[in-house]
Amino acid sequence: MKKIKISAPTVEEALQRAKERFDLREGEYEYTIVDKGSKGIFGLFAKNAEVEIVFNAKYFVRKLEEFLSNVLNVCGDVLVKVSCSGRRFLVELDGEDLGRLIGKHGKTLAALQHVAMIYLNRMSDTKLSVSVDAGEYKKRRKKNLEVIVKQAIQRAKLTKAKVMLDPMFAFERRIVHELVKQHKDVKSYSVGVEPYRKVVIEYNANGRNEEEN
């Protein structure tokens with residue numbers, strides 16, 4: 001996720017410099033000695049040691065938890081729990097006023113997710129994804145979307161025309177596309193620009209032809 005090289009008079013000093021500079025803790029990195037360095041002769045021709053350090057997922061999990069906890073400090077006592085699966089980080093928020101964290105139609109949650117994504121990727125060499133949820137809001141939203149999509153599909157089949165849904169966040173659009181995939185005679189695609197991007201469900205007598213975005 002992140003790899004650096006750092007040099008110092010000794011390997012131990014190189015590691016210490018990395019810990020101080022990046023707030024690294026034990027267990028959050030692995031390292032390889034590139035060059036042990038040498039003291040030279042009578043202090044002459046000395047050569048620094050060089051170490052390659054790889055930050056692991058534990059580092060990013062802790063940093064993201066700390067970052068979001070600080071951001072949400074103004075919202076009272078909010079518990080932030082971060083887990084990781086490969087390059088995907090899952091954030092679960094818990095607290096007394098979850099409605100405030102979620103916001104109208106999940107807008108506050110989406111904003112937090114966007115900020116968390118920017119923060120994490122600024123520290124990483126590879127692209128990472130972040131999903132932020134609170135009180136299983138996304139799970140409940142998925143169930144609501146299943147009802148909405150079912151009705152839209154029926155309407156598209158009945159009228160043999162297009163049905164345009166309300167603007168949705170990216171994670172919601174992905175759910176819609178996945179649900180539409182289960183029906184051979186309809187297709188789905190997205191139109192418009194964020195944050196007003198919408199999904200269109202259209203009758204498709206020729207078979208599936210989805211565009212997931």
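**Entry 1**

I began with E172, which is buried, with a relative accessible area of 2%. I take buried to mean under 20% relative accessible area, exposed over 50%, and partly exposed in between, with a 1.4 Å probe and protein chains only. I note that this is a predicted model, in which local features need pLDDT of at least 70, side-chain atom pairs count only at pLDDT 80 or more, and totals for chains, interfaces and linings use all residues. Residues are numbered from 1 along each chain as its sequence is written, and side-chain values use heavy atoms, with hydrogens and water left out.

I located E172 in helix α6 (residues 170–180). Helices (H or I, at least four residues) and strands (E, at least two) are DSSP runs, numbered from the N terminus. I then listed the contacts of E172, contact being heavy atoms within 4.5 Å. With neighbours within four places in sequence left aside, E172 touches Y137, R141 and L145.

**Entry 2: Salt bridges**

I looked up the salt bridges, each defined as a side-chain nitrogen of Lys or Arg within 4 Å of a carboxyl oxygen of Asp or Glu. The structure holds twelve of these salt bridges.

E172 forms one with R141, and the closest N and O atoms are 2.6 Å apart. This pair links distant parts of the chain, since E172 lies in helix α6 and R141 in helix α5 (residues 137–159), 31 residues apart. I recorded R141 as buried too, at a relative accessible area of 19%.

R25 forms a salt bridge with E66, at 3.7 Å between the closest N and O atoms. Here too the pair links distant parts of the chain: R25 sits in the loop between α1 and β2, E66 in helix α2, and 41 residues separate them. R25 is partly exposed at 44% relative accessible area, and E66 is partly exposed at 28%. I also found that R25 and E66 belong to a network of salt bridges that links them with D23, E28, R62 and K63.

K19 forms a salt bridge with E26, the closest N and O atoms being 2.4 Å apart. K19 counts as partly exposed at 21% relative accessibility, whereas E26 is exposed at 59% relative accessible area.

**Entry 3**

I traced an open sheet of three strands, in the order β1-β3-β2, with antiparallel pairing. Two strands pair if DSSP finds at least two bridges between them. β1 (2–8) and β2 (29–35) are the edge strands, each pairing on one side only. On average, neighbouring strands of this sheet are turned by 25 degrees against each other, direction ignored. For such angles, axes are lines fitted to C-alpha atoms, for helices over the stretch in contact, and angles run from 0 to 180 degrees between N-to-C directions.

I counted six bridges in the antiparallel pairing of β2 with strand β3 (residues 49–55). I33 stands opposite V51 in β3. Helix α1 (residues 11–22) packs on the sheet and touches β1, β2 and β3, and its direction makes about 130 degrees with that of β1.

**Entry 4: S69**

S69 is partly exposed, at a relative accessible area of 32%. From S69 to C84 I read 15 residues in sequence and 17 Å in space, C-alpha to C-alpha.
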